[in-house]
Amino acid sequence: MAARESMEYDVVVVGAGPSGLAAAIRLKQLAAEKGREVSVCVLEKGSEVGAHILSGAVLEPRALEELFPDWQARDAPLITPAQEDRFLFLTARSAWRLPTPPQMHNTGNYIISLGNLCRWLASQAEALGVEIYAGFAAAEVLYSEDGSVRGVATGDLGIGHDGRPTDRYQAGMELHARQTIFAEGCRGSLTKRLFERFDLRAGIDPQTYGIGIKELWEVQATRHQPGLVVHTVGWPLTPGTYGGSFVYHLEDNQVAVGFVIGLDYRNPYLSPFEEFQRFKTHPAIRPTFEQARRISYGARALSEGGFQSIPKLSFPGGLLVGDAAGFLNVPKIKGTHTAMKSGMIAAEAVFEHLASGSGAEVSGYPERLRRSWVHEELYRVRNIRPSFRWGLFGAIAYSALDTYVLRGRAPWTLRNHADHTQLRKVSESSPIHYPKPDGTVSFDRLSSVFISNTNHEEDQLSHLRLKDPSVPIHVNLELYDAPEQRYCPAGVYEIVRDAGGHNPRLQINAQNCVHCKTCDIKDPTQNIDWVVPEGGGGPNYPNM
Ligand SMILES: Cc1cc2nc3c(=O)[nH]c(=O)nc-3n(C[C@H](O)[C@H](O)[C@H](O)COP(=O)(O)OP(=O)(O)OC[C@H]3O[C@@H](n4cnc5c(N)ncnc54)[C@H](O)[C@@H]3O)c2cc1C
Ligand code: SF4
């Protein structure tokens with residue numbers, strides 16, 4: 001194998017999501033203000049910036065306004081102001097309007113495509129001199145002799161499925177940096193390694209997650225109300241399962257519809273994909289999607305642990321920002337503003353640190369974050385998501401007390417538990433029977449993955465690694481009826497049998513993977529390790 005070439009930067013950012021791009025922009029803004037040179041490079045595993053970005057999305061523009069007070073003059077793609085909030089409780093046949101909780105009021109916010117916002121942020125970053133390399137996945141963290149992070153290396157290209165170089169072989173590239181900002185989003189694959197290496201999660205709660213599945217539709221003009229924001233709870237989920245839907249009406253007759261389910265769900269028969277499909281058949285929801293066209297489909301995990309699950313944010317040579325650290329505000333269902341703000345704060349701390357030349361660790365970053373509105377915002381809502389352990393109705397009652405009476409200042413903090421420990425065995429669970437898709441508003445997995453434009457080079461090592469290949473059959477199938485068949489929203493995992501229906505084995509259709517990271521999170525024995533495939537592989541979302 002060829003030796004790797006290397007490039008030197010002051011700062012390397014891993015991930016061109018809102019947090020990584022905001023960090024890169026802020027660094028260059030500060031450099032321009034102070035008349036100093038700071039070289040910044042951003043790596044993105046998607047084929048282009050935005051290709052792997054999936055969000056709701058209603059944007060609270062607070063951080064954007066701080067980053068670019070003139071964002072309107074710069075033509076930022078915030079086109080549709082949120083006009084009306086509806087919060088519904090669904091039963092199988094009816095929809096009951098509930099008062100909208102204060103955190104879910106969206107006056108002053110915008111319904112956007114986060115993919116398009118990231119494309120715009122990337123153009124602003126490049127105009128400031130940031131180098132952005134899309135189609136390059138950071139596959140490995142590099143360390144100096146003293147143990148500090150020295151940068152990252154992109155994966156080799158052209159390693160065949162047998163582990164040997166093919167005629168496409170090209171060695172990865174080393175990117176060395178004085179500081180590396182990890183902005184990989186929820187369940188970052190390198191971030192996961194850093195947690196272990198630097199023991200960043202010591203003394204804090206486990207991170208918890210949800211899976212969000214989303215479709216983008218073009219609907220009839222008569223069914224479209226630009227600026228309408230609808231959230232539902234209740235049916236089709238049982239009260240013990242955390243989750244709900246969002247229906248956001250954007251510009252140009254487009255409607256973003258999605259469903260989020262907490263990955264602490266207990267019934268192994270539950271299929272988040274099918275719950276979402278069935279949700280769209282509800283009499284209050286279906287009419288929006290009749291005689292309409294589904295444009296795109298995708299899925300992505302979200303970090304739900306909040307305040308009590310935030311890890312140590314800095315370590316020698318590097319920092320964590322955005323969803324990689326877990327700054328999402330669950331009651332608001334918003335993480336973009338906090339992700340951006342954390343990136344900006346990290347940039348300010350790194351900029352100061354580079355000038356002072358002191359030590360390898362930017363210890364000023366956690367302190368600055370503690371003094372920011374991100375900390376205050378997350379602290380106040382820290383007990384809302386964990387209160388769903390008491391079921392939907394218990395949580396609504398507790399959240400009202402916590403929000404209106406205690407105002408987020410309860411003298412206690414409810415704890416989080418790791419999602420993969422929550423699954424019950426099939427012997428303790430009831431099967432769920434999902435209706436067949438009708439092909440009008442509800443669909444199957446494969447036709448859905450098709451419109452995510454997912455593509456991976458076929459001849460490569462699988463990026464879904466099993467630590468023990470016997471576990472899928474001897475543990476997962478026997479005890480949980482192979483839940484990966486149901487929680488994967490892309491049909492990647494299939495139990496196949498021989499002609500007589502014997503000898504089950506797990507088939508992994510890795511080329512369908514939409515990079516949501518759910519398998520890495522929910523596998524009950526943590527046997528699945530998601531690593532980056534060759535750069536550029538994965539979904540190609542248009543404007544999700
Ligand atoms: C279904 C759903 C609905 C949501 N709705 C809203 C909403 O309405 N409002 C809101 O504010 N927030 C919402 N969020 C949350 C919001 O999308 C996130 O908080 C936000 O995107 C986090 O930004 P980030 O930059 O940390 O990570 P991400 O947006 O996930 O970006 C990370 C980027 O890093 C890249 N990357 C990852 N690993 C590597 C690697 N090793 N090498 C190179 N590149 C890499 C990824 O491809 C990606 O482009 C929603 C999330 C979901 C899933
Ligand atoms: S294989 Fe894992 S990461 Fe890929 S789509 Fe399925 S659950 Fe998501």
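This briefing describes the overall build of one protein, the surroundings of its ligand, and a few individual residues. The structure is a predicted model, and its secondary structure comes to 13 helices and 24 strands. The radius of gyration of the protein is 23 Å, close to the 24 Å that the globule rule gives for 544 residues, so the protein is as compact as a globular protein of that length. The protein also holds ligand 1, and when that ligand is taken alone it exposes 1,000 Å², of which the protein buries 97%.

**Overall build**

- Along its principal axes, the C-alpha trace of the protein spans about 65 × 60 × 50 Å.
- Buried residues make up 60% of the 544 residues in the protein, where a residue is called buried if its relative accessible area is under 20%.

**Around ligand 1**

- There are 36 residues around ligand 1, and those that come nearest are S19, E44, S55, V58 and D323.
- Sorted by class, the shell around the ligand has 19 nonpolar, 11 polar and six charged residues.
- At least two residues of this shell are supplied by each of the helices α1 (18–34) and α6 (336–356), and likewise by each of the strands β2 (40–44) and β18 (293–303).
- For I333, a backbone N or O atom lies 3.5 Å from a nitrogen atom of ligand 1.

**L90 and its neighbours**

- L90 belongs to strand β5, which covers residues 84–90, and with a relative accessible area of 1% this residue is buried.
- Leaving aside residues up to four places away in sequence, L90 touches A95, T232, V233, G234, W235, F279 and H282.
- The C-alpha atoms of L90 and A202 are separated by 40 Å, and the two residues are 112 residues apart along the chain.

**Cis peptide bonds**

- G56 and A57 are joined by a cis peptide bond whose omega is about 5 degrees, and A57 lies in the loop between β2 and β3 (58–59).
- W235, which is one of the residues that L90 touches, is joined to P236 by a cis peptide bond, again with an omega of about 5 degrees.
- P236 itself is found in the loop between β15 (228–234) and β16 (243–249).

**Positive phi angles**

- D481, a residue other than glycine, has a positive phi near 55 degrees, and its place is in the loop between α11 (471–480) and α12 (484–487).
- The relative accessible area of D481 is 27%, so this residue is partly exposed, since that class lies between the 20% limit for buried and the 50% limit for exposed residues.
- K517, also a residue other than glycine, has a positive phi near 80 degrees, and K517 lies in the loop between β23 (505–508) and α13 (518–522).
- K517 counts as buried, because its relative accessibility is 4%.

Technical notes:
Residues numbered from 1 in each chain as written. Chains lettered and ligands numbered in written order. Predicted model: local features only at pLDDT ≥ 70, side-chain atom pairs only at ≥ 80, totals over all residues. Heavy atoms only, no water. Near = heavy atom within 4 Å. Polar contact = N/O pair within 3.5 Å; in protein donor to acceptor, adjacent residues only side chain to side chain. Areas by Shrake-Rupley, 256 points an atom, 1.4 Å probe, with all protein chains shown as cover. Helix = DSSP H or I, 4+ residues; strand = E, 2+ residues; numbered from the N terminus. Nonpolar A, V, L, I, M, F, W, Y, C, P; charged D, E, K, R; others polar. Rg over C-alpha atoms; globule rule 2.2 N^0.38 Å. Buried < 20%, exposed > 50% of the residue type's maximum accessible area, 1.4 Å probe, protein only. Contact = heavy atoms within 4.5 Å.
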